[in-house]
Amino acid sequence: MPTSIPAAWQPVLAGEIAKPSFLKLQEFLKQEEQTHTIFPPEPEIYSALELTALPDVKVLLLGQDPYHEPNQAHGLSFSVRPGVNTPPSLMNIFKELKSDVPSFQIPNNGFLVPWARQGVLLLNTVLTVRAQMANSHKGKGWEEFTDTIIQALNAKQERVVFILLGAFAQQKAALIDNPVHAIVRAAHPSPLSAKGFFGKHVFSKTNTALKERQRGEIDWRLPDL
């Protein structure tokens, strides 16, 4: 079993990583690394799982694949490292939060680790990408791996709120059939589709759904760094 997969997730993922498809994915990544730069750096591929253990997950905020520009991706969907300019999609998330959650103020950074530490699993469906080539690792095997994670969340008997932004993420609703959970849908916050994201109250709806099942709300506020 890859040692970089956190111990708390290994029982859930043991069957998946033993499959030929996962072994083929690992071989693909080894070949890619020989001739291309891969994001995020290898030690951070599983950062979302490291920061948010399965028993602690309250919310899944599902992204597609990592940022593909230097110094951005660090293993959490939508998040960027401190000191990196906030990407347009994340800035639109912040704008919606400011109008949706009265206490939220737009921070001077896009570092979302405080959300992860509260139980927000910031997962991409594809966990790696070739530099400067969005979606370049799509269809190589990560989707089966992350589907297994979504199915494990679906099996939980404490409510998880699944935030599915955009058509691609919303396809994963087919994996979520446990009535204890809640799904919050909206368009992707990309500038190309943000008109269907703004005003959908994604974040207040998430907290309402958590309160309905006596799960603690997420404090969406982020500190300046």
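## Basis of the model and a buried phenylalanine

Phenylalanine 145 is buried, its relative accessible area being 0%; the term buried applies under 20% relative accessible area, exposed over 50%, and partly exposed in between (1.4 Å probe, protein chains only). The structure is a predicted model, in which local features need pLDDT of at least 70 and side-chain atom pairs count only at pLDDT 80 or more, while totals for chains, interfaces and linings use all residues. Residues are numbered from 1 along each chain as its sequence is written, and side-chain values use heavy atoms, with hydrogens and water left out.

## Aromatic pairs

A pair of aromatic rings is described by the distance of the centres and the angle of the planes. Rings of Phe, Tyr and Trp (its six-membered ring) pair if their centres lie within 6.5 Å; planes under 30 degrees apart count as stacked, over 60 as edge-to-face and the rest as tilted. The structure holds ten such aromatic pairs. One of them joins tryptophan 115 and tryptophan 220 in an edge-to-face arrangement, with 5.0 Å from centre to centre and 90° between the planes. Tryptophan 115 belongs to helix 5 (residues 113-116) and tryptophan 220 to the segment after helix 8 (202-212), so this pair ties together parts that are 105 residues apart in sequence. Helices (H or I, at least four residues) and strands (E, at least two) are DSSP runs, numbered from the N terminus. Tryptophan 115 and tryptophan 220 are both buried.

Tryptophan 142 and phenylalanine 145 also form an edge-to-face pair, at 5.5 Å centre to centre and 75° between the planes. These two residues are three apart in helix 6 (residues 142-155), which means that about one helical turn separates them. Tryptophan 142 is buried, with a relative accessible area of 0%. Phe22, Tyr46, Trp142 and Phe145 form one aromatic cluster.

## Packing of helix 1 and helix 6

Helix 1 (residues 10-17) packs with helix 6 at an angle of about 145°, and their axes are 10 Å apart. Axes are lines fitted to C-alpha atoms, for helices over the stretch in contact, and angles run from 0 to 180 degrees between N-to-C directions. Helix 1 contributes Val12, Leu13, Glu16 and Ile17 to the contact, and helix 6 contributes Glu144, Phe145, Thr148, Ile149 and Ala152; contact means heavy atoms within 4.5 Å.

## Histidine 137

Histidine 137 lies in the loop between strand 4 (129-130) and helix 6, and is buried with a relative accessible area of 0%. Its side chain makes a polar contact with the side chain of threonine 128 (2.7 Å). A polar contact is a pair of N or O atoms within 3.5 Å; within protein, one must be able to donate a hydrogen and the other to accept it, and residues adjacent in sequence count only if both atoms are side-chain atoms. Not counting residues up to four places away in sequence, the residues that histidine 137 touches include Phe28, Glu32, Thr128 and Trp142.

## Backbone features

Most residues other than glycine have a negative phi, and most peptide bonds are trans. A cis peptide bond joins phenylalanine 39 and proline 40, with omega about -5°. Proline 40 is located in the loop between strand 1 (38-39) and helix 3 (47-51).

Phenylalanine 78 has a positive phi, near 70°. This residue is placed in the loop between strand 2 (59-63) and helix 4 (88-100), and counts as buried at 9% relative accessibility. Glutamine 132 likewise has a positive phi, near 65°. The loop between strand 4 and helix 6 holds glutamine 132, which is partly exposed, with a relative accessible area of 47%.
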